[in-house]
Each structure stands twice: as structure tokens, then as C-alpha cells.
Amino acid sequence: METPSVRLTSLDALRGLDMLIILGLDALVYALYPLYSGNEFWQFARNQLGHAPWEGLRVYDCVFPLFVFISGTAMCFSHLRRMDSTPMQLLRKIWVRALLLVLLGFFINGIISWELRSMRFASVLGLIGISGALAGSLTLLCGGRVLPNLIMTVLLLVSIGTAQFTCGDFTPGGCFNAKVDALLCPGVLHSGSYDPEGPLCILSATALCLLGYSVGRFFLNIENAILRSLIMLGAGLLLFLTGYFLPIPVIKGIWTPTFVLCTAGIGTALLSVLHLLIDVAGLHHLCMPFRVVGLNALAVYMVIHIVDLQALSARAFSGTWGLFLNADWQRVANAAVALMLAWGFCYFLYRKRVFIKI
């Protein structure tokens, strides 16, 4: 538990905005869609809040990768706050954090068994933890300098892209990730033939985390705030366009290098805009609903996987909804209440100055 001291407010807001999507914003849009299924906006919104079938990029595909990017940027500020710590102390901290996230990932997966074939070892939290630890170790090895970090990022992405080109065919069953996962991942694979949080995806996520760290270093090295935001926005667009137009499919399921570049570009551009609005223009009231969630993202993520908030909402209010709402609007009301319950939990912790993190 920690009370935040010097933090980048826009980074907390970006984390909270990202978290709100999986807290229930997606479920709310899904509930509203049947009421407006003929409306092009709602069709687009519903489409964006689901994963692309295989190739392609939608908003929902960027949710968890954006957490990886944010963790890399936050790592930059975290290392600065711990300048009195030795590299070994920092290494120990980031690998203990990774281990705890892996264990929490096992818990979220839902089946912990001595029968390895029935258990899924890969997880979203495990990917975030291990990729952050690998990226943190590499940044410490390079003394936190930007150029060596970028060189390692390029080497990682080129190596992964080359392996995918030469050893796979970019199909779910024939991709290089499927071969690696079959060899190295015991137990259940999330998608049957491959796992989107498997070993090769962790390496791709490490590259994304390194890009986030490099963005944080650039952020600190440019003194003029408006110039900083504009350069970050330009860098974000460049990263996105590079990923979009390279001759490698953008596939979230196997974290292709182009997917990493696109999501890094989106993260950089969003952070630049929020930084300009919140940290520079001082519009802090705009970020409060998001920052409340961003400061306790891990805690509320665990809560929504332990407690079915929509079922809780339906159990508590379905009798009331039935008095004046039809079935479609009852689903909307339940989704809205579930989202408010999740946000309210974060707000309660925020008001109590309780900030749970690893």
C-alpha cells in the first residue's frame, strides 16, 4: 500500500481510461447495441469493443498491450524515484513483482491443480509481470540510456519477425508461436493451438515495454512541455504508421512486431494528448474519473474477476428494473450499475488514500 507522491497525472489517467473498458464499458456498449442495432455509430462501437478475428486491429485489441506500454513508461519514473537503490535492489524488486503477478495470474485463470494438463499457466498478469521484469533488467543493464534500449527493442522485433516469417505461416495453427507454445507451455493453451500470453508473446511484450520506457525517457529529456507533447504525438503517429504499413500482418493473438509498433504508437499518441490537456493545460477535473481507477487498477481488476458485478446488480435490482423497464433496458441498467460499482470501489479507496500496487 502506498500513497502516491510525485506522479505523472496523465499516465494514471491513461491507465484508468484503459481499465474502464474492461471494467464494464464494453458490457454497457454490448447491452445498448440491440436497442440501436441499425445505427452505424453503435455498430462501429460494438465492433471496436471486440477482438479482431485474427488479422487487424480494434480498440479492444489494444487494451492489455496498452497496460504493458504504460508499465514501461511508469518504470522510467519509478527508477528515478529510487535512485538511492542499487541495481541489485531494483532487480530484486522487479522480479519479485513479476513472481507475484504470475501467481495472481494463476488465481485469475481459475484452475490450480497438480494435474498439469488441466491448468493454464500463461496469463495476462503473468505476461505483464515477466515482460516488465525482462524490460527492467535490460534497462538496468544499459544504465537507463535510450539508444541501447531502442537497439535492443529493434533486435527483439526483428528477431521475432524473422522467426515468424521463416518458421510459420501466420495462421492460428501454423504460426511460429503455436510451435513454441506446444514445446514450452504445459497444460491448456488459451486459443487451442497457441496462447496469446505465451513465451513468444512475452518477448514481444518486452519490446513494447522497452518502447514505453524509451518514451518515458524522451518525456523527461524535453523541457518544453508543449514541444514535448507535439514530439510525442508525432512519434506516436510514426510508430503506428510504421507498424501498419510494414509487410507483416498486424495480429494481436501472436503479438506480431507490427502489432507491437501500432500499439506503442497509439499509447504514445494518447499519452501526449492527455499530457497536454491535463499536465500542461491544467484540466485536472477531466482526468479525475479515470485517475481514480488508474491508481488502483490491479485491485479492481482482481475484484471484477472474483465478484460478478453484473450478476450482483441483477440480483439486487432486477425486481426494481422490472417495474418500469423492458428486458433490453434491464440489461443496460445492470451493465451501468456494474460499471458504477467497480468505479465506486476505486473511488472509495481513492478517498481513503489507499493505493494498492505491487
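Author: A polar contact is a pair of N or O atoms within 3.5 Å; within protein, one must be able to donate a hydrogen and the other to accept it, and residues adjacent in sequence count only if both atoms are side-chain atoms.

Reader: OK. Which side chain does asparagine 177 make a polar contact with?

Author: The side chain of glutamine 164, at 3.2 Å. This is a predicted model, where local features need pLDDT of at least 70, side-chain atom pairs count only at pLDDT 80 or more, and totals for chains, interfaces and linings use all residues. Residues are numbered from 1 along each chain as its sequence is written, and side-chain values use heavy atoms, leaving out hydrogens and water.

Reader: Where is asparagine 177 found?

Author: In helix α7. Helices are DSSP runs of H or I, at least four residues, numbered from the N terminus.

Reader: Is asparagine 177 buried or exposed?

Author: Buried, at 1% relative accessibility. Buried means under 20% relative accessible area, exposed over 50%, partly exposed in between (1.4 Å probe, protein chains only).

Reader: What is asparagine 177 in contact with, leaving aside neighbours within four places in sequence?

Author: Gln164, Leu200, Cys201 and Ile254. Contact means heavy atoms within 4.5 Å.

Reader: New topic. What is the phi of phenylalanine 170?

Author: Positive, about 60°, and phenylalanine 170 is not a glycine. Most residues other than glycine have a negative phi.

Reader: Where does phenylalanine 170 sit?

Author: In the loop between α6 (146–167) and α7 (176–184). Phenylalanine 170 is buried, at 12%.

Reader: And arginine 353, what is its phi near?

Author: 60°, again a positive value in a non-glycine residue. Arginine 353 lies after α14 (327–351) and is partly exposed, at 44%.

Conventions. Helix = DSSP H or I, 4+ residues; strand = E, 2+ residues; numbered from the N terminus.
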